[in-house]
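Biologist: Let us go through the structure shown here. I will ask what each label rests on.

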Amino acid sequence: MKKVTFEEVYANAYVRESINVLMANLINQYPMLRTDEDDIRQRLLLILDRQISKFDSEKSSLERFARITLEFGVREVRRAYFGKRELAGNKLIRLAMPIIDDIPLDTCDDSIERRELIEAIQYAMTKLTPTQRRICELLADGEALGVICVKAKISFPSLKNRHLPEIRRVLAEQLF
């Protein structure tokens with residue numbers, strides 16, 4: 001069994017094209033991930049690099065191994081971005097909760113920075129509709145997207161295609 005390096009795998013045009021296609025599909029399915037496209041691509045490459053030692057040329061072709069690994073990597077990325085823990089751990093959303101003053105801000109060095117950040121978040125929250133503010137609160141509570149749809153009385157496509165991108169846009173405009 002010949003040992004294959006990551007450089008050899010990445011040099012393969014099919015592998016690079018597979019990454020591009022999988023990324024395009026993921027961004028098409030979750031447009032809000034467009035801003036994280038480079039991070040996701042890097043995460044997929046790291047997953048591929050981690051798994052390359054398991055490649056056996058006697059069992060499958062390099063292209064098939066890479067494609068299957070990358071498809072599982074996309075699932076891992078989706079879990080990382082949309083899992084309950086990740087959503088609850090998202091500091092930006094947590095900061096938008098009504099109990100802002102009780103949340104420790106380890107990213108801020110002093111109370112002036114902390115106060116400025118809190119004021120910016122409070123101002124950004126005023127730019128959201130009541131439904132979008134409710135969605136932020138539910139995300140901060142770690143609720144699954146399906147549960148948020150039920151509690152906010154909205155459809156999943158509406159949440160995914162309208163509310164979440166708008167929340168991200170407003171927060172990005174107001175905070176960065």
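Modeller: There are 6 salt bridges in the structure. This is a predicted model, in which local features need pLDDT of at least 70 and side-chain atom pairs count only at pLDDT 80 or more, while totals for chains, interfaces and linings use all residues. Residues are numbered from 1 along each chain as its sequence is written, and side-chain values use heavy atoms, with hydrogens and water left out.

Biologist: What makes Arg50 and Glu76 a salt bridge?

Modeller: A salt bridge is a side-chain nitrogen of Lys or Arg within 4 Å of a carboxyl oxygen of Asp or Glu. For Arg50 and Glu76 the N to O distance is 3.4 Å, so the pair meets the definition. Arg50 lies in helix 3 (residues 37–51) and Glu76 in helix 4 (residues 62–82), 26 residues apart, and the pair links distant parts of the chain. Helices here are DSSP runs (H or I, at least four residues), numbered from the N terminus.

Biologist: Why is Arg50 called partly exposed?

Modeller: Buried means under 20% relative accessible area and exposed over 50%, with partly exposed in between (1.4 Å probe, protein chains only). Arg50 has 48%, so it is partly exposed. Glu76, at 31%, is also put in the partly exposed class.

Biologist: What joins Glu166, Arg169 and Glu173 into one network?

Modeller: The closest N and O atoms of Glu166 and Arg169 are 2.4 Å apart, which forms a salt bridge. Glu166 and Arg169 are 3 residues apart in helix 10 (residues 156–175), and therefore separated by about one helical turn. Arg169 also forms a salt bridge with Glu173, with closest N and O atoms 2.5 Å apart. Arg169 and Glu173 are 4 residues apart in helix 10, again about one helical turn. Salt bridges that share partners join Glu166, Arg169 and Glu173 into one network. Glu166, with a relative accessible area of 26%, is partly exposed, and so is Arg169, with 38%.

Biologist: Why is helix 3 called oblique to helix 4?

Modeller: Two packed helices are described by the angle between their axes and the distance between the axes. Axes are lines fitted to C-alpha atoms, for helices over the stretch in contact, and angles run from 0 to 180 degrees between N-to-C directions. The axes of helix 3 and helix 4 come within 9 Å and cross at roughly 130°. Angles under 35 degrees count as roughly parallel, over 145 as roughly antiparallel, 65 to 115 as roughly perpendicular and the rest as oblique. Helix 3 is therefore oblique to helix 4.

Biologist: What makes helix 9 roughly perpendicular to helix 10?

Modeller: The axes of helix 9 (residues 145–152) and helix 10 cross at roughly 95° and come within 9 Å. That angle makes helix 9 roughly perpendicular to helix 10. Leu145, Ile148 and Cys149 in helix 9 meet Phe156, Leu159 and Leu164 in helix 10.

Biologist: How do you know that the residues of this contact are 6 nonpolar, no polar and no charged?

Modeller: Ala, Val, Leu, Ile, Met, Phe, Trp, Tyr, Cys and Pro count as nonpolar, Asp, Glu, Lys and Arg as charged, and the others, Gly among them, as polar. The contact of helix 9 with helix 10 therefore divides into 6 nonpolar, no polar and no charged residues.

Notes: Helix = DSSP H or I, 4+ residues; strand = E, 2+ residues; numbered from the N terminus. Contact = heavy atoms within 4.5 Å.
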